[in-house]
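Work through the exercises below with the sequence and the 3D view side by side. Try each task before you read its solution.

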Amino acid sequence: MPLTLLQTKFHIPTPLPTLVPRPRLYAKLNARLNAKLTLVAAPAGSGKTTLICDWLRQMARSAVWLSLDAGDNDLQRFLRYLIGALQSVQPALGQETLPLLQLAQSASVDELLTPLLNDLATLPEKLILVLDDYHVIEAAAIHQALSFLLDRLPPQLHLVITSRVNPPLPLARLRGRGELSEVRATDLRFTSEETVALFQHFSLLTVSPADLTLLNERTEGWIVGLQLAALSLEHHPNVAGFVQNFSGSNRFVLDYLIEEVLEQRSTTIQTFLLTTSILERMCGPLCAALLEGASDRPAHTILQELEQANLFIIALDDERYWYRYHHLFAGMLQQRLRQADPARIGKLHGRASRWFEEQGLLEEAVEHAQRAGELGRVIQLVEPEIRSSIMRGYFDRATRWLAIVPPTLIEERPRLLIAQAWLRLFEIPFGDIEAALSQAEGILGKATDPQDSDTLALLAEITALRAAEAGISGKPLALQLAQEALRLAGPENLFVQSIISYALASFDWERKQWTTLHQTFQRAISAAQATGNVIIAASVRYNFAMFHWQRGDLAGADRLLTESEAFTKSQPNRWPWPIVDSVWVGRARLCYERNDLDTARRLLQEGIELAQRRRNLYVIIDGYLTLAWVHQAQGERGLAQAALDQASALVSKATRPGTPQLVAAHQARLWLAQGEWERARQWAQTQTPLANAELGKRHPLSDLALAAIYIAQGPDGVPQALALLNQLSENASEWASRRLQIYALQVLAYSQLGQATEALRALKDTVAIGETSGYLRLLVDQGPALLPLLTQLPVTPYRDQLLAAFTPNDKVPIDEPSTKHVISNAATLKKAGNQSLIEPLSERELEVLRLVVGDASNQEIAERLVITVGTVKNHMTSILGKLGVSNRRAATRKTAELGLL
Amino acid sequence: MGTPTIYRIRIKEQLAALWAEWFDPLIIQHEANGGTTLLGPLRDQAELFGMLSKVNNLNLTLIAVEKIETSEVAKGHPS
């Protein structure tokens, strides 16, 4: 199977068996393998690539190759190819770096490359990495990245760079530290001995040593020159005459010799060479397409002939399917072609473009169309593909294509304008899309058939884009726009549907159509996946996950987040990233909920950092709020407040309604948890009481916080709290998370009033929700006062998890005014706990039990209680029976479990 | 747009006239010593370095690059 065009970049060029072995140079290269970098810097045609290829063939060490060309001048692409090349020896390499590449514009070199360096440090064997033709690289970002890599290069890796010029890397520094090995033009020049060897290879045995010396001098040992000379001499009848003329002439070597060499070939070959000179890479069928029958034998045969004849052609794979010319040779040929028949060049590029298009090789097709000057064709090729390129995350490709088309032409093409808008929407932070969209809309409005399905679809997409932007900004307008877009798109347009749910889902949750929303999500996900919209799919899943979370299905939320991560990782371009920050923060919330605090912390630190780079405001805020509670749970009060401060600082930038209240409510709860009563009270006072009718205007979390503060004030505050909670519960039937918090606060409220039965009922309701949904910390965070009450409950794994989540840090702060009340009411509830035995223990029995647990013997109990030992034994039988155990030890255990004492 | 600057680029080798188009807008002059001078207007540094890159890509040997004052051009330019 011949290699794909892409794979040829990674393939070590395989010249035919070495023309002239150069052991002195191999030795020189080997001697400095312990250095970081070998630089082979010499002009075109000096034999750099050939030397390295021949050298590698001698080596036992593994090597990885990357042939660079002018298109690789984009850092993202360069690194992608670099990693691609390295993955041929280590498939797992670069997994963390690849997704980061999308952040190449905003990330620092450190952030981008450290994961890659860490991967490289794990290479089990020594490896040589060759960057061939580095002189084509001009992008400062790439030089910077490479300098960074060189600085920290792990010892297993040796870098080889071939270039026509010294690359702008810190060579002096490397040289000074002995980390640089150099092979320069003078090293590469053929010595007389090597010239002799070359000419022997060409079977030019009749050239005298004197002539060889002359040739060597004339060409200054320049390999291409000598090779051309040898080629000329192969067919030259008068060797001495040739050498005489050649040496005597001043003409540029290349000029002189190329002409000679070309003229000696048959017309077929000449035509072939000139025609195919425009190609970067060529294979038989492609050449045939260009020649259009102007040759007497198959193109691939000619290619192999050229290779055999040493006519500066290099095989790019082992099957000898793909080839390229030596750059200098190609340049000369192109020059001649330009001289002979300039108009033909455009036509040839046109044919090449069509051939590549037939093969489905779009990038090359576009490039050749551009060189052919066929802008119309470029647009034709690019338009159908550009949107899906963007949706799959190939931003560099889309940007490059848009750069080829002149702006005046883009202005006339709605699809290209829309593509521009998409790119701007995915920028970090997103740019203005309205100008492009209005322009596109204007053009579509003038369409001859406004009901044309394509026109409608594009108009729908424009509206959907506007909805997406509004959604991301949290503007209520998003809803309206979304509905409009859906109307325009019709039910079959899955693409628009997937964008719409992206728009709608960024929005607030206060809507009633839960079932339809659920269905919309499902549809959106399958639509997005079906159309390959990685970004939309990931985004919708995340919002769907949060929806599940709110509705009490934590397992469902977890599943969706995991799917989201897995799906985006499976994409070839691995571009998950408008979303991964929110996936991590989402996961962190779930981990926190399960009391897996360390994992939550780790995920939050990474997720927040990523969100900050992307300036994803709402994810950052969510992240810091969650982090505050993680810190609080781990007993780090200062850090908790610091995290909350971070969230508060961002509130002014948030346009989404309800954000300031959300953050303030969390702050109030944190104050409560940390015992900052004054602050909490002051905040509560700023929350003016609202009439029933206005209940919906305040953020539900604010109401919950208020209720918690009223309760903390003692029995006096409870009625107000209960009133508030009752109102809240009317509106909360769908929101499991909210119901849980309401019930939990009701527990605390009732226990303040000493209403044990109500408290217990509320507690059971709370735990019921918690158990089915998996909420843990949500319950625990309602207050440590719940702890003693929870111990009254029957033993279940869930209850134990809850108890374990309360830590010593959850000691109820001493100066809480209501503490006394709560604790005394805990006694009431203990009684309530006793009620949970089928037959409760009598007071006397409880007294006996107390002593049993204290390890008193029957004799001691009898003495203490002033009863007979017989009576004690009777009591014991009754106690054991009621507890359902058979001995004292089990009784003690059960007593502890039930919290009877 | 500023006025272009005239540059003179001297190379060691003797270039055939057919390279004129390759080095456009510079013209090719053969020197008595066997070298070649490329002479002409370049708009900016980017164009200059682009031209030097072409010299490098052909493996020609660069001897000198000079900026020419207009008075000198009036004297020396063979058009």
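The exercises cover helix packing, aromatic rings and backbone geometry.

This is a predicted model, in which local features need pLDDT of at least 70, side-chain atom pairs count only at pLDDT 80 or more, and totals for chains, interfaces and linings use all residues. Residues are numbered from 1 along each chain as its sequence is written, chains are lettered from A and ligands numbered from 1 in the order in which they are written, and side-chain values use heavy atoms, with hydrogens and water left out.

**Exercise 1.** Describe how helix 40 and helix 41 of chain A pack.

Solution.
- Step 1: Find the helices. Helix 40 of chain A spans residues 736-753, and helix 41 of chain A spans residues 756-773. Helices (H or I, at least four residues) and strands (E, at least two) are DSSP runs, numbered from the N terminus.
- Step 2: Take the angle. The two pack at about 155°, with axes 8 Å apart. Axes are lines fitted to C-alpha atoms, for helices over the stretch in contact, and angles run from 0 to 180 degrees between N-to-C directions.
- Step 3: Classify. Helix 40 of chain A is therefore roughly antiparallel to helix 41 of chain A. Angles under 35 degrees count as roughly parallel, over 145 as roughly antiparallel, 65 to 115 as roughly perpendicular and the rest as oblique.
- Step 4: Sort the contact residues. Between helix 40 and helix 41 of chain A, ten are nonpolar, four polar and four charged. Contact means heavy atoms within 4.5 Å. Ala, Val, Leu, Ile, Met, Phe, Trp, Tyr, Cys and Pro count as nonpolar, Asp, Glu, Lys and Arg as charged, and the others, Gly among them, as polar.

**Exercise 2.** Classify the packing of helix 14 (residues 253-264) against helix 18 (residues 327-340) in chain A.

Solution.
- Step 1: The angle is about 80°, and the axes lie 11 Å apart.
- Step 2: So helix 14 of chain A is roughly perpendicular to helix 18 of chain A.
- Step 3: Helix 14 of chain A brings A:L254, A:D255, A:I258, A:E259 and A:L262. Helix 18 of chain A brings A:L328, A:F329, A:M332, A:L333 and A:R336.
- Step 4: By class, this contact of helix 14 with helix 18 of chain A has seven nonpolar, no polar and three charged residues.

**Exercise 3.** Which residues form one aromatic cluster, and where do charges sit over rings?

Solution.
- Step 1: A:F312, A:Y325 and A:F329 form the cluster. Rings of Phe, Tyr and Trp (its six-membered ring) pair if their centres lie within 6.5 Å; planes under 30 degrees apart count as stacked, over 60 as edge-to-face and the rest as tilted.
- Step 2: A:R152 lies over the face of A:F148, 3.8 Å from the ring centre. A charge sits over a ring if NZ of Lys or CZ of Arg is within 6 Å of the ring centre and within 35 degrees of the ring normal.
- Step 3: A:R218 has its charged end over the ring of A:F246, at 4.9 Å from the centre.

**Exercise 4.** Locate the backbone features at B:P25 and A:D133.

Solution.
- Step 1: B:D24 and B:P25 are joined by a cis peptide bond, with omega about 10°. B:P25 is in the loop between strand 1 (5-11) and strand 2 (27-30) of chain B.
- Step 2: A:D133 is not a glycine, yet its phi is positive, about 70°. A:D133 lies in the loop between strand 3 (127-132) and helix 7 (140-151) of chain A.
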